[in-house]
Amino acid sequence: MSDLKINGITVSVEEGITVLAAAEMLGIEIPTLCHLKGMEPETSCMLCVVKNNATGKLIPSCSARVVAEMDIDTECAEVQSARRDILNLLLSEHVGDCHAPCQRICPAHLDIPLMLREMERGNMESAAWIAKRDLAIPATLGHICPAPCEKGCRRGQVDTAIAIHAFHRDVGRACSPSAPEWTARRAIPTKKAAVIGSGAAGLSCAWQLRQAGWDCTVFDERPVAGGSLRREANLPLEVLDMEIRWLESAGIEFRLKSVLPMDGFDVIIEPEEHKIAVMAVANGKAAALKAAGVAGKSRFDFKLGKVRDPEARELTKNCSSVAQASCLPDSESGRRDACGTEEEPTRCLHCDCRKPESCKLRRYADRYGADQREFPADERKHIELIGQGGDVVFEPGKCIKCGLCVKITKQAGGELGLAFKGRGFNTQVTVPFGESLQNGLQAVAKECVVACPTGALAFRDFDEFSI
């Protein structure tokens with residue numbers, strides 16, 4: 001047995017175990033990107049670096065073995081700085097967005113790619129819930145939103161942008177107050193909020209708080225709810241009334257022609273309205289998050305920027321063969337007639353990350369304040385997709401060469417597996433002899449996808465938490 005200190009805590013461990021394993025015994029997390037229990041350390045990412053105060057040196061905790069009288073610090077300023085530099089270097093050659101441009105441009109941050117994927121799968125109720133969850137009044141916005149999301153849609157570089165706002169308009173009409181996604185989240189309210197004004201911002205604010213488990217009452221001095229939305233020339237009022245009734249059925253109370261009482265509420269909010277309804281919805285969401293105490297620092301969001309036209313065409317490998325056919329009508333209604341409402345969502349290039357929440361690279365970039373601009377590359381790598389037609393998609397531009405998939409396929413003992421090709425900056429993960437990705441992964445495809453620390457390896461038709 002050997003005694004050592006980790007963050008000032010003395011622990012006695014068996015000789016020969018790693019510093020990483022010793023830290024785990026104390027419940028201390030050390031970040032890793034290339035480590036997998038049961039396999040020999042790769043030390044390819046070096047993110048697990050810690051400082052041994054006894055020697056003053058930084059060491060990789062995944063491979064460094066415990067010796068007596070070690071004094072390990074896992075989060076000192078020097079360690080954090082080293083990890084930040086490591087992450088910045090990895091991000092300098094990263095090719096991929098955390099979020100698709102359409103979602104990022106949407107002021108209310110509707111998860112457009114997920115909504116379209118659910119529509120493509122035929123899960124219309126799930127698609128409707130996503131639209132309702134993020135927009136509060138998706139059918140209403142579908143009539144009056146200027147659709148900035150469509151201006152950022154990369155499909156437009158191939159032929160025409162996806163008819164996004166037409167879709168959340170249509171699915172918004174179909175969303176049921178008894179949707180499983182909502183009924184499963186309904187709980188007995190623990191706090192009460194008064195929301196002043198029943199315009200787009202007020203409706204959005206109340207809905208976001210209601211989803212968070214608050215009891216919400218919307219006050220408006222006017223005799224009907226809706227505020228300035230009722231003056232929108234292109235909005236059928238029956239659509240707005242339908243969505244207000246939906247919010248009522250979800251547990252939001254409306255007190256119209258009413259003066260706000262000064263007590264009985266935990267918080268009183270004055271959400272800022274805006275002449276553009278989707279901006280007002282975004283303001284309402286922000287006010288609700290602030291009131292609920294969950295508004296804070298924005299998550300790390302890698303932005304790839306404008307893609308080249310050949311790269312946009314490369315992204316069509318994410319689509320079905322039907323979707324890749326050009327649809328070039330003169331109007332939105334013509335586009336939907338030409339492509340068909342069932343086929344239109346399949347035209348989405350799915351240029352968002354398939355693992356936006358479980359990506360370790362993003363998680364640690366958040367933790368250590370990484371900056372993708374710290375080490376700018378002279379020229380970034382091109383977008384590339386491998387695995388067309390198979391269950392798994394491999395995007396080399398998101399690969400950090402951790403080696404986990406190579407090890408897993410080697411341990412499985414298949415005929416091919418995966419392997420490294422090239423040296424240094426040009427190193428790539430590939431399937432030997434030019435064989436297909438599916439032939440390389442074979443029975444360990446799921447294991448490789450789960451182990452991948454980024455969105456480089458992912459299932460084509462399953463989202464990150466459904467595998």
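This is a predicted model: local features need pLDDT of at least 70, side-chain atom pairs count only at pLDDT 80 or more; totals for chains, interfaces and linings use all residues.
Local features need pLDDT of at least 70 and side-chain atom pairs count only at pLDDT 80 or more, while totals for chains, interfaces and linings use all residues. Residues are numbered from 1 along each chain as its sequence is written, and side-chain values use heavy atoms, with hydrogens and water left out.

Close-up 1. Look for Asp 111 in the loop between helix H3 (101–105) and helix H4 (112–120); helices are DSSP runs of H or I, at least four residues, and strands are E runs of at least two, numbered from the N terminus. Buried means under 20% relative accessible area, exposed over 50%, partly exposed in between (1.4 Å probe, protein chains only). Leaving aside residues up to four places away in sequence, Asp 111 touches Gln 103, Ile 130, Arg 133 and Asp 134 (heavy atoms within 4.5 Å).

**Close-up 2. Helix H5, residues 124–135.** Of the 12 residues in H5, 9 are buried, so the helix is largely enclosed by the rest of the structure. Among the buried ones are Trp 129, Ile 130 and Asp 134.

**Close-up 3. Met 262 out in the open.** Met 262 is exposed, with a relative accessible area of 72%. Its place is the loop between strand E8 (253–256) and strand E9 (267–269).

Technical notes:
The expected span of a helix is 1.5 Å times one less than its number of residues.
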